[in-house]
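Student: Can we go through this model together? I would like to start with the sheets and then look at some helix packing.

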Amino acid sequence: MSDASKGLRLYNTLTRTKEDFVPIDPRNVRMYVCGPTVYDFAHIGNARPVIVFDVLFRLLRQLYGEKHVTYVRNITDVDDKINDRALRDFGAEIASGKLSLNEAIRRVTEKTADQFHKDVAMLGCLEPTVEPRATEFVEPRPDGRADMISLIQRLIERGHAYVAAAEVLFDTASMPDYGQLSKRNLDEQQAGARVAVDAHKKSPGDFVLWKLSSPEEPGWNSPWGRGRPGWHIECSAMSAAYLGEVFDIHGGGLDLIFPHHENEIAQSRCAHGTETMAKVWMHNGFLQVEGQKMSKSLGNFYSINELLETDIFGGRKWPGEVLRLAMLMTHYREPIDFSVRKLEEAENTLRKWKRAADLAPAAAQQLPAAMVDALSDDLATYAAFQVLTQLAGEAAEGNDAAASLKAALLFLGFDVGAAKVDEGEIDKAIARRLELIAAKNWAEADRIRDELLALGVQLKDGKDPITGERVTTWEVKR
């Protein structure tokens with residue numbers, strides 16, 4: 001094992017093996033993760049990679065030092081639906097020169113991007129080091145960083161792209177080892193769900209780098225006419241802009257392996273003449289909801305914000321850290337069944353950990369070595385959580401377990417500060433609960449009690465010694 005690996009082993013989708021992680025430069029460990037398309041609010045499936053790679057970001061900072069890790073997560077705001085809405089809402093201002101296309105797009109996506117940032121903060125995620133927006137990397141930049149148009153030009157010059165039927169297409173046949181990530185070869189690129197077959201393509205697997213825009217469609221000026229970029233080229237440009245032509249880790253969901261990540265690799269390698277784009281490719285597994293594929297048609301499609309702010313799932317709101325723990329209780333490469341039962345289990349587990357951690361006045365200076373070792377084995381969160389449960393069991397014995405547990409929870413993105421309560425809101429909730437009990441609506445009364453308990457507020461029912469009426473008091477607990 002190389003000293004530079006720090007004992008970290010990661011599963012590499014590219015090789016289908018778990019490998020010692022050895023950074024290209026231990027003084028600047030570099031990671032890129034595909035971020036959200038900010039056309040609409042992020043759904044809970046989007047939350048999984050954000051949480052998973054947040055844990056990896058934290059671990060890399062622990063192993064190599066906070067100043068020696070660069071984490072780039074992009075915002076995709078180049079999308080035909082977004083572009084169409086920008087033209088619809090701000091077409092006159094764009095035509096008159098009062099607004100640039102990028103400025104109009106920013107106005108369209110500002111609400112959804114802001115909501116995404118609020119949601120992932122509630123999930124306990126750190127901000128990435130850099131968060132580039134795709135619209136800022138379409139045209140050549142004053143700072144000389146990589147951009148999409150320049151990358152496309154280079155691909156044409158090197159014989160890896162061609163112009164046909166008002167499009168610039170990547171020539172997959174020009175890359176003999178195309179398909180390494182997904183293990184698909186060119187002979188397998190038949191017409192299918194995600195491979196468009198058009199007469200102007202040299203090969204069915206060729207994909208769009210640039211497409212022309214009609215006068216009614218938004219677009220950017222380019223050597224091939226006014227148009228807009230294809231989906232894949234944006235990540236090749238933004239990763240190169242901040243991480244270089246070859247970097248350490250590229251992450252995302254399992255659904256991105258083909259075609260998105262496969263095509264990123266093709267573009268980047270052929271444009272830069274490199275043997276690889278990223279050394280390690282990591283992918284989190286799929287997410288189901290209550291045993292079914294998440295789908296709007298099935299009525300089980302939930303945004304992160306809906307789970308945080310409404311009672312649409314399980315009849316109650318869910319704290320962000322409960323959602324976070326529920327996501328991490330399943331190993332990141334395995335499929336996860338997101339359910340009310342899983343959230344309840346996560347909430348109970350977190351409450352027990354926090355009660356034990358509260359026995360220590362401050363967090364320990366060092367993290368539990370066993371937890372770091374578990375996470376260093378391809379983010380084995382289940383094994384890491386077993387360490388936390390053991391520490392919680394030892395916390396009452398008066399040793400350092402509670403302080404170690406508090407340090408571990410802080411590291412993993414959980415709040416171990418004093419519970420924050422609004423006394424007025426608690427009194428209102430108690431009054432409402434008493435009304436429900438009087439009406440014999442036990443289910444709703446229990447729901448209010450459980451919601452307060454999730455906030456660290458424990459209710460205690462008793463009787464007024466004089467009137468005999470029910471009296472409810474409360475105290476802050478985990």
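Tutor: A definition to begin with: two strands pair if DSSP finds at least two bridges between them. Helices (H or I, at least four residues) and strands (E, at least two) are DSSP runs, numbered from the N terminus. This is a predicted model, where local features need pLDDT of at least 70, side-chain atom pairs count only at pLDDT 80 or more, and totals for chains, interfaces and linings use all residues. Residues are numbered from 1 along each chain as its sequence is written, and side-chain values use heavy atoms, with hydrogens and water left out.

Student: What is the bridge partner of Val33 in S9?

Tutor: Gly251 is the partner of Val33. Strand S3 (residues 29-33) pairs with strand S9 (residues 247-253) over 3 bridges, in the parallel sense.

Student: What is the strand order in that open sheet of 4 strands?

Tutor: The order is S4-S3-S9-S10, with parallel pairing. Strand S4 (69-73) and strand S10 (278-284) are the edge strands, and each pairs on one side only.

Student: Which helix lies across S9 and S10?

Tutor: Helix H6 (residues 257-272) does, running at about 160° to S9. Axes are lines fitted to C-alpha atoms, for helices over the stretch in contact, and angles run from 0 to 180 degrees between N-to-C directions. Contact means heavy atoms within 4.5 Å.

Student: Other topic. At what angle do H2 and H3 pack?

Tutor: Helix H2 (residues 80-96) packs against helix H3 (residues 101-122) at about 120°, and their axes are 9 Å apart. That makes H2 oblique to H3 (under 35 degrees is roughly parallel, over 145 roughly antiparallel, 65 to 115 roughly perpendicular, and the rest oblique).

Student: Which residues of H2 meet H3?

Tutor: Ile82, Asn83, Arg85, Ala86, Phe90 and Ile94 of H2 meet H3, where the residues include Leu101, Ala104 and Val108.

Student: Where is Asp177?

Tutor: Asp177 sits in the loop between strand S6 (167-170) and strand S7 (207-212).
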